[in-house]
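Try each one before reading the solution.

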Amino acid sequence: MTVGIDSLAIAVPQRYIELSELARARGVDPAKFITGLGTRRMAVPDPGEDTVALAATAVHRLLDQTGVDRSRIGLLIVGTETGVDHSKPVASHVQGLLGLPRSMRVFDTTHACYGGTAGLMTACEWIASGVAKGRVAVVVCSDIARYGVGTAGEPTQGAGAIAMLVTEAPRILAIDLGVSGSSSADVYDFWRPHGRREAVVDGHYSIECYLDALGESYRSWRAQARERGLISPVATGLSSESLARVIYHVPFPKMANKAHAHVMRLELDDAAGHADAALDPVVVAGRFEQQVAGSLRVCAEIGNAYTGSLYFGLLGLLESEAGALANQRIGMFSYGSGCVSEFFSGVVQRYAARMVGDAGASAILAQRTAITIEEYEQVLALAADAPLPIAPSPGGYRLEAIRDHRRIYVAG
Ligand code: COA
């Protein structure tokens, strides 16, 4: 049985800022944000575009696009680290707003940016186990990355939701179930204590934790993939080159450069049997352009979407390259601070170009509005219960108010 991502849909905040303008406003060389971090633009949600509203909008689009029979949905999981309540999950709001059936499991999964992958794997394994009995799952990644004005993390904020229909015989990506490498550890690299809207991050340490986890996860995946005959050594001896593309979780797009160079270095070390193999920077840059760069386009437009980052990478890659990648295997690396990680792989399906095209991501991104840095600061200063009084667009959802601790949403 093949299981994986059949279709997907997105929702992003209506407003964004240019990172070059943010740099100038902060007295920083714009090249630091554009070249150093790899981001061009950053989504700016107002309190009306909270995690629930973004998730519900993405699911509405998914259901519209696919026309899936709602009674066949047996599982709804929202991966998020910026939920709106300590007890009531985002998924429960989404179920109510979309009028989804009661006869299904509905819950959130949280482990920093890994929550979406936890949801995706749970859904795939639920279907593969036979327990789903022909039913399908909806997995949503929805998050708002917020660090605050003037902080080191400020240029790495962002937001967005991506909803995925997970089925048997998927039309976008068949996951190599049972072939995945995980690594986890108890570390304080990034966290958000109760009551805080802004995350706390030890950014440089987090990069170290990410690379350390990547190395362990990748080696574990590689051993399993070799055993299952999914990859074979290629001329240069680097197993990662058996993968047509590799997509990395990116808190900022430049992280993917560091990640891919790390994988290449550890492969050379493993081949040489010692830990100081020399890397040719020209070869590294060439491999990166060929295997990784194509997945960063959408992430560079919205900034960090936490749980959604990896899957916005998949979307960005397949929007432009799905035809050429049909029937080819790609690798994916998910990282959640704290930390847990997973390297897994899947095969791009022949209908992927059409299914990803249906999401209309380029048009959705093109319809956004650019705002000034002054306007961005005003939006960031709004209280969480003070959404801008704006009507949602057709098919969209917005938080209207919070009354008596209950969140009231309106549909467009
Ligand atoms: N032109 C080009 N590049 C420049 C530059 C310039 N004028 N000035 C700096 N840079 C480069 C730096 O060399 C660096 O690149 P490198 O790491 O490849 O060497 C990059 O820009 C960032 O500079 P740095 O000094 O490290 O930035 P910083 O101390 O302000 O912090 C982060 C950057 C990413 C650590 C910080 O924004 C952060 O913590 N963000 C949150 C990350 C996160 O969410 N992590 C969650 C876990 S996944």
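**Exercise 1.** How many aromatic pairs does a search of the whole structure find?

*Solution.* Start with the ground rules. This is a predicted model, where local features need pLDDT of at least 70, side-chain atom pairs count only at pLDDT 80 or more, and totals for chains, interfaces and linings use all residues. Residues are numbered from 1 along each chain as its sequence is written, and side-chain values use heavy atoms, with hydrogens and water left out.

Now the criterion: rings of Phe, Tyr and Trp (its six-membered ring) pair if their centres lie within 6.5 Å, with planes under 30 degrees apart called stacked, over 60 edge-to-face and the rest tilted. The search turns up nine such pairs.

Take Y147 and F190: the ring centres sit 6.3 Å apart with the planes at 70°, so this pair is edge-to-face. Strands here are DSSP runs of E of at least two residues, helices are runs of H or I of at least four, and both are numbered from the N terminus.

**Exercise 2.** Classify Y147, F190, Y188 and W191 as buried, partly exposed or exposed.

*Solution.* The cut-offs are under 20% relative accessible area for buried, over 50% for exposed, and partly exposed in between (1.4 Å probe, protein chains only). Y147 has 9%, so it is buried. F190 has 10%, so it is buried too. The rings of Y188 and W191 also pair edge-to-face, because their centres are 4.8 Å apart and their planes are at 75°. With 58%, Y188 is exposed, while W191, with 29%, is partly exposed.

**Exercise 3.** Describe the surroundings of D176.

*Solution.* First, locate it: D176 belongs to strand β8 (residues 173–184). Second, check burial: its relative accessible area is 8%, so D176 is buried. Third, look for a polar partner, meaning a pair of N or O atoms within 3.5 Å; within protein, one must be able to donate a hydrogen and the other to accept it, and residues adjacent in sequence count only if both atoms are side-chain atoms. The side chains of D176 and R329 make such a contact at 2.8 Å. Finally, list the contacts (heavy atoms within 4.5 Å): ignoring neighbours within four places in sequence, D176 meets L230, R329, S345, G346 and V347.

**Exercise 4.** Which residues have the most contacts inside the largest nonpolar core?

*Solution.* A nonpolar core is a set of buried Ala, Val, Leu, Ile, Met, Phe, Trp, Tyr and Cys residues joined through side-chain atoms within 4.5 Å. The largest has 93 residues, and L214, Y248 and F312 have the most contacts inside it. Beyond four places in sequence, L214 contacts Y248, A259, H262, V263, F333 and F343. Another core lies apart from it, with 32 residues, including A53, L63, V94 and L100.
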